[in-house]
Each structure stands twice: as C-alpha cells, then as structure tokens.
Amino acid sequence: MKLKNYLTLSTVAATSSIVIIVTVAILYLLQHTYHDGLKARGLELAAVVAHDPVVIDSVREKNQGIPQYVLQHYIENIRARTDASFIVVVDKNAIRLSHPDPLKVNKHFVGKDIFQVLKQGEEYSTIETGSLGKAIRNFAPIIDNGQIIGAVCIGYLTEQISDILQRQFIQIITLIVIVYLVGLCVTVAFLTKIKRTFFDFEPEYIANKFREHEMVFDSIRDAIIAIDKDMKITLINDRAIRMLSMGVFSRSDYIGQLLSRYSSSLSHQVLQTPEHFQQGEFMLGKLLYQADIYPIITSKELSGHVIVFFAKSNNNDLENELTYLKSYSELLRSKTHEYSNKLNVLSGMLQIGKYDECIDFIQQEADGYQSIINQIVKTISNSAVAGLLLAKFNKASRMGVHFKLDNDSSFSPYEKDTSEKIVTILGNLIDNALLAAWENRNQQPSPFISIYISDRSQHIMIEVEDNGIGVPSEIEHNILEFGVTSKDTDEQNGVGLYLVKQLVDYMNGSIDWERTEDNSTLFSVYLEKKSGHR
C-alpha cells in the first residue's frame, strides 16, 4: 500500500473512531445530565407546591370530608408556568385532587411508587408508567402540624423528554459532522503537502536513497565536512574522520561540535570570505592539506559551508612512508626470527632428551607473563583494558622496558563506547611512555614505566610514569596540540597526546603532567564517571 493511501485510511479510521466514541459519550452524558436536571427541578417544584397554604388547606379539608376548595384550576395554572407534564396532588389515601385530565380527578393515583411518600414522608424520584404514560415522577409530602396529609407528584413524560433530547442530539451531531468534515479537509491538505514534499516517493524508496547517498559519500577518497552557519559540523564522511582523529571518534561525536575544536586553522580559513568559494591550505600535524570551501546560500541567507580537503603529498612524503613501512616489515621479520630460534631451541632440547632443561626454559619464559596476568586478573575487571595492559606488557618485554602495574589498581566494566575511549587514552599514554623510556636507555640502565588506574571514587584516575628524558622545554606548553612532538622524524607524529586531550575533553575530564623528584615524567588523567558504568 502506498504511503498516501495508508495515511488516508489510517487517518480516516482513527478520526472516525474518535468521532463516534466522543459522540456516543456526549449523547450519553447529555441524556443523563438532562434526566438528573429534571429530577432535581421536579423535586424542588414539588416541595414548593407541597408547602403552598392553599394546597395544604385543600388537602386537609379533603381528608376531613369537608367540601374542599377545588385545586384543579389552581394547580393547572401553576403547571402552565412550568415545563412539567403534569402536577398531581393526592390526599392521604392517594386520591387525586388535581390532574391535567379533569375526568381523572377524585380517582386513585396510578402506580405503587406513591405509597413511599405517603407512609415515610420522603422526597424521591422514580420512572414509572401512569395514566398519561411513562414519565419521570418526583414526589414530595404535604405535611400539616407534623402529620403527612397527602403528597405532590411532578411528572415529565418521557415522550416529551425524547423530543427535546432529539432536537439537542441533532444539533450536536450536526456540529460534530461539520468538525469531522473540516478535519477530513485538513487531512487531505496535509497529505497533498506530503506528496508534493516527497515528490510522491515512498518511504522505502527515500530510505534506500539515503543509504545509497551515505555509501557514496563515505566512498569518496577526499575528506568532506558540512557545517552550518554557526560553524557546527552537520555532516562528515569516513575519510574526514580518519584525517581529523585517526578514526578514534565516531561520526556521532563530531555532529553538533564546532569545527574549530578539531582544526582552528581550517575554521579561520572558512571565516575569511564566508559568502564566496575559496581555496586554501592548512596544517594538520606535519602534513599540509588543500581545502576547497563551498558556501551554501539559500534564497534568504548563508546557511553553511561544504569543505572538501585532501593531503598535498609529494614524492618525498611517499618515499618516507615507504621507508617507514619497510622498516616496520624488517622489525616484524626480526621478531619472527627470534621466536623461531626459541622454538628451535625447544625442539633440540626435546630431541636430545633434555626435558628438565626444556621445562626450565619454558618456565623462565612463562613466569613473567603469568605474574602480570595474575595481577591484571585480580585488579582489572574491564576486559578491554585488561587486554590492552597485557599487550603493552608484551611490547615492553620486547623493547627491554620494565612494565609495572600498581597493586592498588582497580577498574570495573563499562559500556563499549566508554571502554573504547579509555583504551585509546591509556594506550597512547603507555606508547609514549614506552618510547620515552626506551630512547633514554643509555642514560637509565633500567628503563621502566609504571601504571596506575582506578575508578573507586567519583572519578576515573589514570597515571602513567616513565623514566625517559622528559618533555623538552620548548614544547612543554603546547605538547597536547596536534602535530607537536618531541620525536625527530619525518613521520606524522604529535597525534597521540592530541587524541588523548580530545577524548579527555569529550569526557569532561582533565589531563596534566609533571617532572617528578626522581627524574621521571608523570602524566595524570581524571575523568568523570557517567552512565557508561555497568
């Protein structure tokens, strides 16, 4: 079923159901309210008539057998001034003294509901059938010197009530039908507007188009960012995410954030001539990027910009990257050769029957791993953080750097998104500490790093210490900025601490570093606990 037909049927069905329910409820309440009003009004009128001295005297004389004052004309005059169908006055024996039909005067009242008022003197209402037909009958006693001498009955015929209610029902139903038709007209106008807005496309077709556009958008090799007039990011593709944060942040982390948070130079470039197309260059770390900035101008005003940027690489950059990959490949080859030699040693020992020496060799290799594994299992409940610490321990062992995890450490499980951010923060700090300690191995015969992580309090605390040479004084004030690094290489460095700072800010935390009295460098991170805790 097409969207228009579906919305039409569902809207008409829902509106009709509501109208029917509301109409029935209104008519039901109106009928009962009207009946209750007649009962209250009838009882009040009956009480007034019952206290009329003329009525009391006539009933008293009738009970005493004295020729009574004729009430017929008097009561009918009263009835003519009200909306009552009939007013009947009876004596203590339920003999009528008045009636709309003069022929029925001095005859017994029809209906057993008269005896309750004559015997008990109560005021009440009933619905019974009398000589004139079915009616709402309201009774009040006539009392003289404390004695019940008769009663008054005020009646409203149901036939007349039905005629009155029918006229009111017709008016109400007419009004509801008019409202219903107006609602249908508004619905038709709304559906027509939807049809024009969506070009008569179905929701499935629109959803598929969005998915196609998103796939095409993310497959573009150039980085693309869309921002609104307030310089907040509204759209970003995968390539731009990888360039700005090496893929650490997800797309949702960028949406709604200021562009200047990730690149102040690019933000300044956009603001130079915001209403015209422009091209410019900006730096991300040590890399130079080319940016094409397209303004989005509507019929009224500037609503935002689309930014397309890409790295300006030259032959030297490609050569350096290739050299780095070759060096990394050689490192992997050497590590493979090292472990192959160890396996060959074990094989030789087994072949010559040196089982005890083989066990000692394996035990020597396993003791270090088992010790750190036991410590991690006892203190770290978060599997992602535990896996990271074990991987960094292995890396430290290969580099010849002593790896220490504080015995007082403790860390609980968190949601996946929170755990991933903490892993990124901790991983970058440990990598920097390992490299600093290893590079200072000639000045410090026993290079080490020490790690403390805890979430026992209201904050998450992370401390990473190393005995490296420390942060050079010329960059100590901007060490957390993008591209700032103490490494003297041509690689793209200065990213790790920048990502740490971005994640710390995102989690409403703080980061600080100091040079301790023991000539070690200590980085401290404090993060707020949020709903990510499980």
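Helices here are DSSP runs of H or I with at least four residues, strands are E runs of at least two, and both are numbered from the N terminus. By that rule, Lys193 sits in helix H5 (residues 158-197).

A word on the source: this is a predicted model, in which local features need pLDDT of at least 70 and side-chain atom pairs count only at pLDDT 80 or more, while totals for chains, interfaces and linings use all residues. Residues are numbered from 1 along each chain as its sequence is written, and side-chain values use heavy atoms, with hydrogens and water left out.

Let's turn to the aromatic rings. Rings of Phe, Tyr and Trp (its six-membered ring) pair if their centres lie within 6.5 Å; planes under 30 degrees apart are stacked, over 60 edge-to-face, and the rest tilted. The whole structure holds nine aromatic pairs. In one of them, the centres of Phe393 and Phe403 are 5.9 Å apart with planes at 75°, so this pair is edge-to-face. Because Phe393 belongs to helix H12 (residues 383-399) and Phe403 to strand E10 (residues 402-405), the pair ties together parts 10 residues apart in sequence. Elsewhere, Phe109, Tyr124 and Phe139 form one aromatic cluster.

How do individual residues compare for burial? Buried means under 20% relative accessible area, exposed over 50%, and partly exposed in between (1.4 Å probe, protein chains only).

| Residue | Relative accessibility | Class |
|---|---|---|
| Phe393 | 11% | buried |
| Phe403 | 7% | buried |
| Lys193 | 55% | exposed |
| Ile18 | 53% | exposed |
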